[in-house]
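Reader: Could you walk me through how to read a few features of a protein model?
Author: Gladly; here it is.

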Amino acid sequence: MSLLSPDTLSLYITPDRIQAVKTVGLSQRAVEVRQREASVQAADNWQGLIRVVGELVTQTKAQRLHVVLSDKLARYACFPWSPELRNADEDMSMAMMNFDDVYGANMSADWHFALSEGRPGQSRISIAIPKTLFVVLQSNFEQSRPKVTSIQTAYSAVLQAHRKQLGSQGWLISMEDGRLTLGSWAQDSWKWIYSVHAKLGSPEELLARVRQEIQLSSTSLKADHPVPIFLHAPAFEHLPFGSLHGVQFIPLKTADKEAGAKYAFALLGVRP
């Protein structure tokens, strides 16, 4: 253990399993990788999650926790800029109203909301996770665990890890096991984002699904001005990927020097 850089346990949490990567030192070198089946659901007040995380913490002896939630546990929406919204409280109120418009009256009461960063005039992303789950995470899994130092969703984690590679416009597609989350932005302002169920067994199936989503979005493709599509698909990272007319595919891979992150993100979308 380093006093300057406490041992960290990165947890990737899905509805049916939890994957954990322990990293140590200033370089965040990965020293342990574990996976456990778990029933992660609100029906039992997240007790299955609390129990498995407790076991993982005991086994790895980590001092702090970094949590990445599967997009299966999150909801996304585009949050348009409005000069009439004067502060963060009004932003949250509008995000909740937009959520109710999609999912039903007063449904937002059961969800915790956060907004991505953005400058005035730019649309942002609204991210929602179950409120009871947020309470469990905020309480460090019922206060008997190491401190939870950060909470992200899979899509927001990919955005943060690769933010320097993303240009002022393009698409970002993030693939997990059984889930595909897609978003598009232009001039650093988000145009749309959504997450869909998708069981994809090969790069060819993923390519076909991307072609379908392009058609549904009515995106105009031009060979002389290709649409940059940043693709995070760890399950297919080392397999050949096809091409589409008018599209520039840019695979996202975590830099080798970020060893801990490389191990953690390699788990996203992969079921050993």
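Author: What follows is a short tour, from the whole chain to strands, a sheet and salt bridges. This is a predicted model, in which local features need pLDDT of at least 70 and side-chain atom pairs count only at pLDDT 80 or more, while totals for chains, interfaces and linings use all residues. Residues are numbered from 1 along each chain as its sequence is written, and side-chain values use heavy atoms, with hydrogens and water left out.

Reader: How many helices and strands does the protein chain have?
Author: Helices (H or I, at least four residues) and strands (E, at least two) are DSSP runs, numbered from the N terminus. Here the protein chain has six helices and 13 strands.

Reader: What share of the residues is buried?
Author: Buried means under 20% relative accessible area, exposed over 50%, and partly exposed in between, with a 1.4 Å probe and protein chains only. Of the 272 residues in the protein chain, 49% are buried.

Reader: Is strand β9 mostly covered or uncovered?
Author: β9 (residues 170–176) is mostly covered, with seven of its seven residues buried. Gly170, Leu172, Ser174 and Glu176 point one way, whereas Trp171, Ile173 and Met175 point the other way.

Reader: Which strands pair with β9?
Author: Strands of a sheet pair through backbone hydrogen bonds, either parallel or antiparallel. Two strands count as paired if DSSP finds at least two bridges between them. β9 pairs with β10 (residues 179–186) in the antiparallel sense over seven bridges, and Trp171 stands opposite Ser184 in β10. These two strands form a hairpin with two residues between them, and Gly178 in the turn has a positive phi of about 85°. β9 also runs parallel to β12 (residues 227–232), joined by four bridges; there, Leu172 has Phe230 as its bridge partner.

Reader: What is the strand order in the open sheet of three strands?
Author: The order is β5-β7-β6, with antiparallel pairing. β5 (75–79) and β6 (111–115) are the edge strands, each pairing on one side only. For angles, axes are lines fitted to C-alpha atoms, for helices over the stretch in contact, and values run from 0 to 180 degrees between N-to-C directions. Neighbouring strands of this sheet are turned by 25° against each other on average, direction ignored. Contact means heavy atoms within 4.5 Å. Helix α2 packs on the sheet, touching β5, β6 and β7, and its direction makes about 120° with that of β6. Helix α3 (residues 131–138) lies across β6 and β7, running at about 85° to β7.

Reader: How many salt bridges are there?
Author: A salt bridge is a side-chain nitrogen of Lys or Arg within 4 Å of a carboxyl oxygen of Asp or Glu. By this rule the count is 10. One of them joins the side chains of Asp7 and Lys22 (3.8 Å, N to O). Asp7 is in the segment before β1 (8–13) and Lys22 in strand β2 (residues 17–24), 15 residues apart. Asp7 is buried, at 5% relative accessible area, and Lys22 counts as buried at 10%.

Reader: Why does the pair of Arg119 and Asp188 tie together parts that are apart in sequence?
Author: Their side chains meet in a salt bridge (3.8 Å, N to O). Arg119 lies in the loop between β6 and β7 and Asp188 in the loop between β10 and β11 (189–197), so the pair ties together parts 69 residues apart in sequence. Arg119 is exposed, at 52%, and Asp188 is partly exposed, at 37%.
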